[in-house]
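Biologist: I am new to this model. Please show me how to read it, one feature at a time.

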Amino acid sequence: MVHEGAALNRTEGRHRVVIIGSGFGGLQAAKSLKRSDVDVTLISKTTSHLFQPLLYQVATGILSEGEIAPTTRLVLRKQKNVRVMLGEVVAIDLAAKTVTSKLMAMQTVVPFDSLIVAAGAQQSYFGNDQFATFAPGMKTIDDALELRGRILGAFEAAEVATDHAERERRLTFVVVGGGPTGVELAGQIAELAERTLAGAFRTITPSECRVILVEGAGALIPPMGPKLGAIAQRRLEKLGVEIRLDSLVTNVDYTGVTVKHKEGDEERIDCACKVWSAGVQASPLGLMIAEQTDGTQTDRAGRVVVEPDLTVKGHPNVFVIGDLMSVPGVPGMAQGALQGAKYAAAVIKRSVAGRDDPANRAPFKYFDKGSMATVSRFSAVAQIGKVEFGGFIAWLAWLVLHLVYLVGYKNRFTTLINWFITFISHSRGQMAITSQMIYARLAMDMLANQHNRPAQQSALAAVEEAEKLERERGAQR
Ligand SMILES: Cc1cc2nc3c(=O)[nH]c(=O)nc-3n(C[C@H](O)[C@H](O)[C@H](O)COP(=O)(O)OP(=O)(O)OC[C@H]3O[C@@H](n4cnc5c(N)ncnc54)[C@H](O)[C@@H]3O)c2cc1C
């Protein structure tokens with residue numbers, strides 16, 4: 001079933017902007033076009049705007065998914081020049097100026113005059129996609145809820161296990177990747193065990209669990225430099241986290257992981273719960289676009305090497321922003337996406353007003369506002385310009401900044417309350433887990449596989465198969 005992109009209430013001849021993605025880049029681009037004489041269609045494969053930096057708090061029971069992922073169409077409901085569409089973009093035709101998206105069996109083709117692609121990145125297993133079955137990443141709400149299920153489920157299984165080795169395996173947690181996400185997650189699993197779960201079990205002592213953080217480089221949080229890496233390491237070690245630096249995970253299976261150290265020796269760690277936060281791979285839409293241009297390249301992570309005005313060669317109306325763009329000196333962080341989105345929207349506004357000269361556009365300039373990572377309760381590391389610091393002040397700065405950037409007053413308020421509960425008392429508000437959290441992804445992958453749909457790539461593909469099954473059952477009754 002193919003639909004022409006429904007142009008609801010569109011003014012004839014008005015400039016049409018299509019935005020792909022509802023993350024930091026996509027949402028900001030739509031907001032920046034608020035007062036413009038354009039029709040915007042925002043297409044995303046998720047219904048929400050996800051604040052990824054706080055995903056680890058959903059995984060460890062501090063926040064609910066709703067607090068960090070408001071519904072995009074509700075965020076934009078007052079902005080009348082935007083239409084929000086759920087769907088996975090499966091094709092972009094730069095020559096025909098169309099974007100094709102799919103939602104279950106429905107396919108929609110939307111024409112554009114300007115295109116902003118902000119499809120972000122996904123987890124990379126460096127060619128070992130089979131690891132994903134045993135070690136979920138941390139990119140989506142599904143990932144975070146699955147991890148919450150796996151982390152809390154591991155303690156439950158350990159309480160029931162009678163075999164000593166199996167109990168130890170259940171109580172061993174391995175986090176792969178010592179970047180900000182890995183550090184935050186390792187610290188939170190340790191605190192969850194030490195504070196929140198203390199006294200709640202009868203046959204196990206949660207604080208006796210092992211949390212092991214494996215990092216390939218010689219220091220934690222490599223982009224923030226050795227000084228901050230060392231501060232994070234000291235703090236984590238104080239919490240009892242075991243840190244393996246200069247170590248690569250070479251295998252992941254149901255029973256555990258294999259780690260290869262710099263010296264060449266291998267270590268086998270039996271563990272039930274593994275988390276992968278080691279690498280990113282840009283959305284395949286990047287390559288799809290680059291291949292249609294005369295010479296635009298993608299880098300090793302699949303990001304598009306854009307022109308100084310964030311467009312692709314020969315297409316001054318096609319912008320690639322955020323984690324999908326490759327610009328020297330711009331890290332894959334929220335600020336890069338937000339600033340890129342504002343820049344692209346400003347160019348489009350000038351173009352609509354007839355004041356744009358594509359050959360003489362001022363290049364995109366990134367303003368580095370610094371970076372931060374929390375390590376544990378009351379402790380973070382921060383880098384602002386040349387200033388590097390860690391500890392309580394950095395943690396307070398982190399807290400304020402994340403509140404400011406969360407979307408929606410209600411979300412900020414409830415997040416603040418949840419933080420207060422978690423950091424001051426021993427409890428956490430979001431400790432519920434369901435079997436669907438843990439096993440639904442496996443079931444969906446199997447469903448997608450059964451029908452030769454690419455596993456891992458599209459939850460919506462599995463949804464389509466599930467809907468088909470439901471329809472068939474309905475017909476049998
Ligand atoms: C766990 C984690 C922690 C992080 N912590 C920090 C931090 O502390 N500070 C910081 O600055 N940055 C942090 N980042 C990085 C930051 O979140 C990203 O740089 C930022 O989200 C990039 O924005 P984006 O718009 O490019 O992509 P995203 O925010 O990833 O959005 C991509 C959007 O595209 C949609 N999409 C993808 N493919 C398709 C398709 N085919 N069809 C339709 N829609 C599609 C997705 O559904 C999503 O809405 C973190 C990232 C992660 C994963």
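Biologist: Is valine 18 buried or exposed?

Modeller: Start with the scale: buried means under 20% relative accessible area, exposed over 50%, and partly exposed in between, with a 1.4 Å probe and protein chains only. Valine 18 has a relative accessible area of 1%, so it is buried. This is a predicted model, where local features need pLDDT of at least 70, side-chain atom pairs count only at pLDDT 80 or more, and totals for chains, interfaces and linings use all residues. Residues are numbered from 1 along each chain as its sequence is written, and side-chain values use heavy atoms, with hydrogens and water left out.

Biologist: In which strand is valine 18 found?

Modeller: Helices (H or I, at least four residues) and strands (E, at least two) are DSSP runs, numbered from the N terminus. Valine 18 is found in strand 2.

Biologist: How many bridges join strand 2 to strand 3?

Modeller: Two strands pair if DSSP finds at least two bridges between them. Here six bridges join strand 2 (residues 15–20) to strand 3, and the two run parallel. Arginine 16 stands opposite aspartate 39 of strand 3.

Biologist: Why is strand 3 called largely enclosed?

Modeller: Count its buried residues. In strand 3 (residues 38–44), seven of the seven are buried, so the rest of the structure largely encloses it. Both faces are covered: one carries Val38, Val40, Leu42 and Ser44, the other Asp39, Thr41 and Ile43, all buried.

Biologist: In which sense do strand 13 and strand 14 pair?

Modeller: Strand 13 (residues 247–252) and strand 14 (residues 256–261) are antiparallel, with five bridges. A hairpin of three residues joins strand 13 to strand 14. Valine 249 faces valine 259 of strand 14 across the pair.

Biologist: Now the ligand. Which residues come nearest?

Modeller: A residue is near a molecule or strand if one of its heavy atoms lies within 4 Å of it. There are 27 residues around the ligand, and Gly25, Gln52, Val89, Asp323 and Ala334 come nearest. Helix 1 (24–32), strand 5 (88–93) and helix 10 (334–352) each supply at least two residues of this shell.

Biologist: How do the shell residues divide into nonpolar, polar and charged?

Modeller: Ala, Val, Leu, Ile, Met, Phe, Trp, Tyr, Cys and Pro count as nonpolar, Asp, Glu, Lys and Arg as charged, and the others, Gly among them, as polar. The shell has 10 nonpolar, 13 polar and four charged residues.

Biologist: Why does the ligand lie between two domains?

Modeller: Domain bounds come from an automatic or database domain assignment. Domain 1 (2–45 + 87–123 + 281–360) and domain 2 (129–278 + 371–376) both give residues to the shell, so the ligand lies between them.

Biologist: Which backbone atom lies 2.8 Å from a nitrogen atom of the ligand?

Modeller: It is a backbone N or O atom of valine 89. A backbone N or O atom of alanine 118 lies 3.4 Å from an oxygen atom of the ligand. The protein covers 90% of the 1000 Å² of accessible area that the ligand has on its own. Such areas come from the Shrake-Rupley method with a 1.4 Å probe; for residues, only the protein chains shown count as cover.

Biologist: Where does leucine 310, with its positive phi, sit?

Modeller: Leucine 310 has a phi of about 65°, although it is not a glycine. Its place is the loop between strand 18 (304–305) and strand 19 (311–312). Leucine 310 is buried, at 1% relative accessible area.

Terms used. A polar contact is a pair of N or O atoms within 3.5 Å; within protein, one must be able to donate a hydrogen and the other to accept it, and residues adjacent in sequence count only if both atoms are side-chain atoms.
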